[in-house]
Amino acid sequence: SVLSIEPNMVRQQLTTGSASSQGQEEVMKVVVSNTSGRTLRLRWDKNVVYQPYVWESQVCDKEASYPPDISSNYDPLQGVTEPVVLSPGESFDLFVTISAFNVKGQGKVEVLFREIDRPETVIGTASFQLNLIDADDRARINRAGERPTVYPNPVHDRFFLTNLPPGTDRI
């Protein structure tokens, strides 16, 4: 392989409203390295696999930070022709910023790498996933780890159970 991406998958889970910046935007980073013995001229393409309609994502490479509407660093039709040039053994930090605007949901963005002169061959992919939940979702997740509870306690004529493991049909 001519390209190393570490890590090749970044996952984050955030809760809206838990801090001033969470729920607004999340910056995720991978390190892209030239592991070949030759200079690479790289093109990347941003592919939004899924996300809520209002979310936006943008890519920053070693040349520039691109606005959300730019999906490649090499798209002559959009006037963007800024290949990332990497010497043998050289690395750079690639950042993907996902702006969620406090809208909960899940998003996945992939950045696919190709050589400029071999555009038909993908030589590496970085994947970025963001799961934005709200406080109610967070409470449900936290409760999932609790032990079963009997209430009221002490019991008089009837009782209720919470947090039973799935599939419990007998006590």
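Predicted model: local features only at pLDDT ≥ 70, side-chain atom pairs only at ≥ 80, totals over all residues.
Strand E1 covers residues 3–6. Its covered face holds Leu3 and Ile5, while Ser4 and Glu6 belong to the uncovered face. E1 pairs with strand E3, residues 25–34, in the antiparallel sense, and four bridges join the two strands.

The largest nonpolar core has 31 residues, and Leu3, Val32, Leu42, Leu94, Phe113 and Phe128 are the members that touch the most others. Several strands contribute two or more residues to this core, among them E1, E3, E4, strand E9 (91–99) and strand E10 (105–115). Strand E11 gives the most, with five residues.

The aromatic rings remain to be considered. A pair of such rings is described by the distance of the centres and the angle of the planes. The model contains one aromatic pair. It is formed by Trp44 and Tyr66, whose ring centres are 5.4 Å apart. Their planes meet at 70°, and an angle over 60 degrees counts as edge-to-face, so this pair is edge-to-face.

Where do Trp44 and Tyr66 lie? Trp44 is in strand E4 (residues 40–50), whereas Tyr66 is in the loop between strand E5 (56–60) and strand E6 (74–75). The pair therefore ties together parts that are 22 residues apart in sequence. Trp44 has 1% relative accessibility and so counts as buried. Tyr66, at 6% relative accessibility, likewise counts as buried, because the cut-off for a buried residue is under 20%.

Conventions:
Residues numbered from 1 in each chain as written. Heavy atoms only, no water. Phe/Tyr/Trp six-rings, centres within 6.5 Å; stacked < 30°, edge-to-face > 60°. Buried < 20%, exposed > 50% of the residue type's maximum accessible area, 1.4 Å probe, protein only. Pairing = 2+ DSSP bridges. Core = buried A, V, L, I, M, F, W, Y, C linked by side-chain atoms within 4.5 Å.
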